[in-house]
Amino acid sequence: VGTPQYVSPEQARDPQAADIRSDLYSLGATLFHMATGAAPFEGETGSAIVVHACTQPHPPIAQMAPSTPPALAALIDRCLDKSPENRPADAGLLLAELVSETTRERTDARRGLGNLALWSKDYTLAAEWYAAVLDARPHDDVARLGRAQALLWSNDYDPALVAWRGLLSDEPQRREWWTFYLDAAAGADAG
């Protein structure tokens with residue numbers, strides 16, 4: 001049947017009922033163990049572990065490993081759901097969800113690093129971090145503005161001009177907002 005700490009409830013009940021979602025349960029148990037340092041279910045014997053896996057909820061990852069990114073914790077929770085119907089349908093969907101969340105979190109971190117570099121006046125580094133954000137999210141206005149500012153302040157005028165023109169798009173509401181921002185920035189520089 002398998003290692004008790006990683007066997008899905010349906011596989012423990014009836015090995016013939018197992019499908020790919022049973023494997024995703026086992027993957028969830030493995031990821032849980034990696035994140036927390038412990039298997040999701042413990043017991044004195046293999047049978048006791050399987051009974052716990054079939055009847056008890058696993059401990060919350062957020063309590064056992066609070067540094068686990070929330071999206072990853074939620075995905076692990078879904079993989080460990082007692083009902084196969086509530087798990088990802090296949091490994092491809094699970095991977096797509098994992099990559100999507102990882103990319104989003106990595107992109108947010110890059111934007112934060114761009115902000116930090118901008119505030120510390122390392123404009124070249126800031127422009128590079130914002131460019132990395134824009135590779136993943138081309139319409140991220142915060143990254144677009146940060147990159148335009150960083151390029152301007154690093155005296156890289158030609159790319160800065162292209163970046164600012166991109167911000168002043170044909171969308172009237174956006175153009176109005178950026179024009180207001182530029183006017184406010186010009187007023188602050190003059191004062």
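Me: Which residues is Glu10 in contact with, leaving aside its neighbours within four places in sequence?
Reply: Glu10 is in contact with Pro15, Ala17, Arg21, Ser22, Lys82, Pro84 and Arg87, where contact means heavy atoms within 4.5 Å. This is a predicted model, in which local features need pLDDT of at least 70 and side-chain atom pairs count only at pLDDT 80 or more, while totals for chains, interfaces and linings use all residues. Residues are numbered from 1 along each chain as its sequence is written, and side-chain values use heavy atoms, with hydrogens and water left out.

Me: Is Glu10 buried or exposed?
Reply: Glu10 is buried, with a relative accessible area of 10%. Buried means under 20% relative accessible area, exposed over 50%, and partly exposed in between (1.4 Å probe, protein chains only).

Me: What joins the side chains of Glu10 and Arg87?
Reply: A polar contact of 2.6 Å joins them. A polar contact is a pair of N or O atoms within 3.5 Å; within protein, one must be able to donate a hydrogen and the other to accept it, and residues adjacent in sequence count only if both atoms are side-chain atoms.

Me: Changing topic, which residues does Asp90 touch, not counting those up to four places away in sequence?
Reply: Asp90 touches Ile20 and Leu24. The C-alpha atoms of Asp90 and Arg21 are separated by 6.5 Å, although these residues are 69 residues apart along the chain.

Me: And how exposed is Asp90?
Reply: Asp90 is partly exposed, with a relative accessible area of 33%. A polar atom of the Asp90 side chain lies 2.8 Å from the backbone nitrogen of Leu93.
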